[in-house]
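Please find below a colleague's note on the two-chain model.

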Number of protein chains: 2
Amino acid sequence: MYIAMNRFKVAKGSETSFEQLWMSRESYLHELPGFIAFHLLKGPQREDHVLYSSHTVWRSFSDFEHWTKSEQFRRAHANAGNSAIRPLYLGHPEFEGFEVIQEITPDGAKKSAAA
Amino acid sequence: MYIAMNRFKVAKGSETSFEQLWMSRESYLHELPGFIAFHLLKGPQREDHVLYSSHTVWRSFSDFEHWTKSEQFRRAHANAGNSAIRPLYLGHPEFEGFEVIQEITPDGAKKSAAA
């Protein structure tokens, strides 16, 4: 399992506009193989911004990589580029990708995955 | 839904020891109400460290908060304090908690949650 996160420092006062743009954005993720879930996350408040992060769970890194080369990715990001989203956050979004190396489920079972 | 993450900058060369300590650590998370899943994540490589993060999904912030005040939390962190884990990472773990404000599932359905 692979988790792709993109962190946004949203300027204070722009939280509602930022959330509304995400809510109204077209998503094509579910058309891709290996897509498990997408979440938009609202994180801690800091001096001049609130941390948000997109959070997409894929079956594997290669499913994620396949998405980044897809027509759906191109379409989703063409829209983002033309939208009013850019002035709402400070600097650039920061990408972080994570491999799941251990999982614990509600029954207490532990699973390790080769990273 | 609430996601609690604790970020660790693991010194290069200490990755295997860090992972083994987590794998062998006792977890009591599944004894708590509202626990959905725990994942240990291996993230990007940087100059002098590799970013790891614990990643715990709770039904709500209040379930997370209840866990932090529980006997199981105290036991889990007493063990961590006595272990050999501390010299393996740089600085302090950095905590970040996130509220889920939008979800997209594999059928393409979107759900918004009041943050």
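1. Basis. This is a predicted model, in which local features need pLDDT of at least 70 and side-chain atom pairs count only at pLDDT 80 or more, while totals for chains, interfaces and linings use all residues. Residues are numbered from 1 along each chain as its sequence is written, chains are lettered from A and ligands numbered from 1 in the order in which they are written, and side-chain values use heavy atoms, with hydrogens and water left out.

2. Fold of chain A. Chain A holds 3 helices and 5 strands, where helices (H or I, at least four residues) and strands (E, at least two) are DSSP runs numbered from the N terminus. Read from the N terminus, the order of elements in chain A is β-α-β-β-α-α-β-β. The C-alpha trace of chain A extends over about 45 × 35 × 20 Å along its principal axes.

3. Pairing within chain A. Strands count as paired if DSSP finds at least two bridges between them. In chain A, β1(A) and strand β4 (residues 89-104) run antiparallel and are joined by 8 bridges; Lys9(A) lies opposite Leu90(A) in β4(A). β4(A) also pairs in the antiparallel sense with strand β5 (residues 110-112) of chain A, over 3 bridges, and here Gln102(A) stands opposite Ser112(A) in β5(A). The hairpin of β4(A) and β5(A) has 5 residues between the strands, and in it Gly108(A) takes a positive phi near 90°.

4. Pairing within chain B. β1(B) and β4(B) are antiparallel, with 8 bridges between them; Arg7(B) has Glu94(B) in β4(B) as its bridge partner. An antiparallel pairing over 3 bridges links β4(B) and β5(B), with Glu103(B) opposite Lys111(B) in β5(B). Gly108(B), in the hairpin of β4(B) and β5(B) with its 5 residues between the strands, adopts a positive phi near 90°.

5. Pairing between the chains. Which strand of chain B pairs with strand β2 (residues 35-45) of chain A? The partner is β4(B), in the antiparallel sense over 5 bridges. Within this pairing Phe38(A) has Ile104(B) as its bridge partner in β4(B), and Leu41(A) stands opposite Val100(B) in β4(B).

6. Extent of the interface. The contact, meaning heavy atoms within 4.5 Å, takes in 43 residues from chain B and 44 residues from chain A. About 3,400 Å² is buried between chain B and chain A, with carbon and sulfur atoms giving 60% of that area; buried area is the accessible area (1.4 Å probe) that two parts lose on being put together, summed over both.

7. How many salt bridges are counted between chain B and chain A? The count is 6, a salt bridge being a side-chain nitrogen of Lys or Arg within 4 Å of a carboxyl oxygen of Asp or Glu. Over all chains the count comes to 20 salt bridges. One salt bridge joins Glu96(B) and Arg7(A), whose closest N and O atoms are 2.9 Å apart. This pair crosses between chains, from strand β4 of chain B to strand β1 (residues 2-11) of chain A. Another joins the side chains of Glu96(A) and Arg46(B), at 3.2 Å from N to O.

8. Make-up of the chain B side. The elements giving two or more residues to the side of chain B that touches chain A are β1 (2-11), α1 (15-24), β2 (35-45), β3 (49-58), β4 (89-104) and β5 (110-112) of chain B. By class, this side of chain B has 20 nonpolar, 11 polar and 12 charged residues. Here Ala, Val, Leu, Ile, Met, Phe, Trp, Tyr, Cys and Pro count as nonpolar, Asp, Glu, Lys and Arg as charged, and the others, Gly among them, as polar.

9. Symmetry. Chain B superposes on chain A by a rotation of 180° with 0.0 Å of shift along its axis (RMSD 0.0 Å); the superposition is by least squares on the C-alpha atoms of residues with pLDDT of at least 70 in both copies. The two copies are therefore related as by a two-fold rotation axis. In chain B, the C-alpha nearest the axis belongs to His55(B), 5.9 Å from it. The same surface serves both copies, since 100% of the contact residues of chain B recur in chain A.
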